[in-house]
Amino acid sequence: MKAVIVCASVSHGNTKRIADVMGRVLSAPVVEPEQLDPAELSACDLVGFGSGIFSGKFHPRLLQFVRSLPEGERRRAFVFATSGLPEPRWRPFSRPLVRLLEQKGFEVGDVFSCRGFDTWLPFKLVGGINRTRPDTGDLATAQAFAQGLSGRLR
């Protein structure tokens with residue numbers, strides 16, 4: 001199985017830590033959106049797309065990369081994120097990215113998210129929230145998530 005993880009992690013490295021754990025399990029390189037030629041994705045069996053959540057949305061660099069992808073054959077993908085606040089059930093922040101990927105020809109089977117250190121206003125005024133996240137429990141959960149993906153694809 002050939003896999004790659006496209007990750008935009010800009011504030012505190014939260015999402016990169018999660019991506020690195022998943023990448024080790026999947027034997028997948030973790031790359032920034034600008035480091036990958038979209039044509040390379042056609043050779044992949046699985047592609048992960050992730051970033052921190054900013055004002056309820058994935059990072060603009062990741063979204064721009066996905067928008068630039070050509071429509072293509074069905075490929076497996078997963079989405080992951082870190083955020084200061086939990087994903088609201090009534091308006092999941094993952095839904096727009098999942099839909100965009102599906103429009104591009106990806107079959108998005110799984111979504112992972114966990115809390116992360118966040119210093120976005122107004123949290124910055126109190127020194128941020130979730131200072132210790134992602135923690136060892138989050139990293140173990142990310143590892144188990146990736147093992148599940150790997151097991152279903154082999």
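Which helices and which strand each supply at least two residues of the lining of the second largest pocket? They are strand E4 (57-58), helix H2 (60-68) and helix H3 (95-103). Helices (H or I, at least four residues) and strands (E, at least two) are DSSP runs, numbered from the N terminus. The model is predicted: local features need pLDDT of at least 70, side-chain atom pairs count only at pLDDT 80 or more, and totals for chains, interfaces and linings use all residues. Residues are numbered from 1 along each chain as its sequence is written, and side-chain values use heavy atoms, with hydrogens and water left out.

Stay with the second largest pocket. H3 gives the most to its lining, four residues. Among the lining residues are Lys 57, Phe 58, Leu 63, Arg 67 and Leu 100. By class, the lining has seven nonpolar, one polar and four charged residues. The space in this pocket is about 210 Å³.

The largest pocket holds about 470 Å³. Of its 27 lining residues, Ile 53, Phe 54, Ser 83, Gly 84 and Asp 118 are the closest to the centre. Helix H1 (14-26), strand E3 (46-54) and strand E5 (75-83) each supply at least two residues of the lining. E3 gives the largest share, three residues. The classes here are 11 nonpolar, 14 polar and two charged. A pocket is an open set of points on a 1 Å grid over the protein atoms alone, where a 1.4 Å probe fits, with protein on both sides within 12 Å along at least five of seven lines; lining residues have an atom within 4 Å of a point.

Now the charged pairs. A salt bridge is a side-chain nitrogen of Lys or Arg within 4 Å of a carboxyl oxygen of Asp or Glu. The count comes to seven. In helix H1, Lys 16 and Asp 20 lie four residues apart, about one turn. Their closest N and O atoms are 2.7 Å apart. Arg 61 pairs with Glu 32 at 2.1 Å. This pair links distant parts of the chain: Arg 61 is in helix H2, Glu 32 in the loop between strand E2 (30-31) and E3, 29 residues apart. Glu 32, Glu 34 and Arg 61 are linked in a network of salt bridges. Arg 133 and Asp 135 also meet, at 3.7 Å from N to O.

Last, the loop between strand E6 (106-115) and helix H4 (136-153), where Leu 121 lies. Leu 121, Leu 125 and Val 126 form a nonpolar patch on the surface.

Conventions:
Patches are made of residues with over 30% relative accessible area and no salt bridge: like charges are joined within 9 Å, nonpolar side chains (Val, Leu, Ile, Met, Phe, Trp, Tyr) within 5 Å. Accessible areas come from the Shrake-Rupley method with a 1.4 Å probe; for residues, only the protein chains shown count as cover. Grid points are joined across faces, edges and corners, and a volume is the space filled by probe spheres set on the points. Ala, Val, Leu, Ile, Met, Phe, Trp, Tyr, Cys and Pro count as nonpolar, Asp, Glu, Lys and Arg as charged, and the others, Gly among them, as polar.
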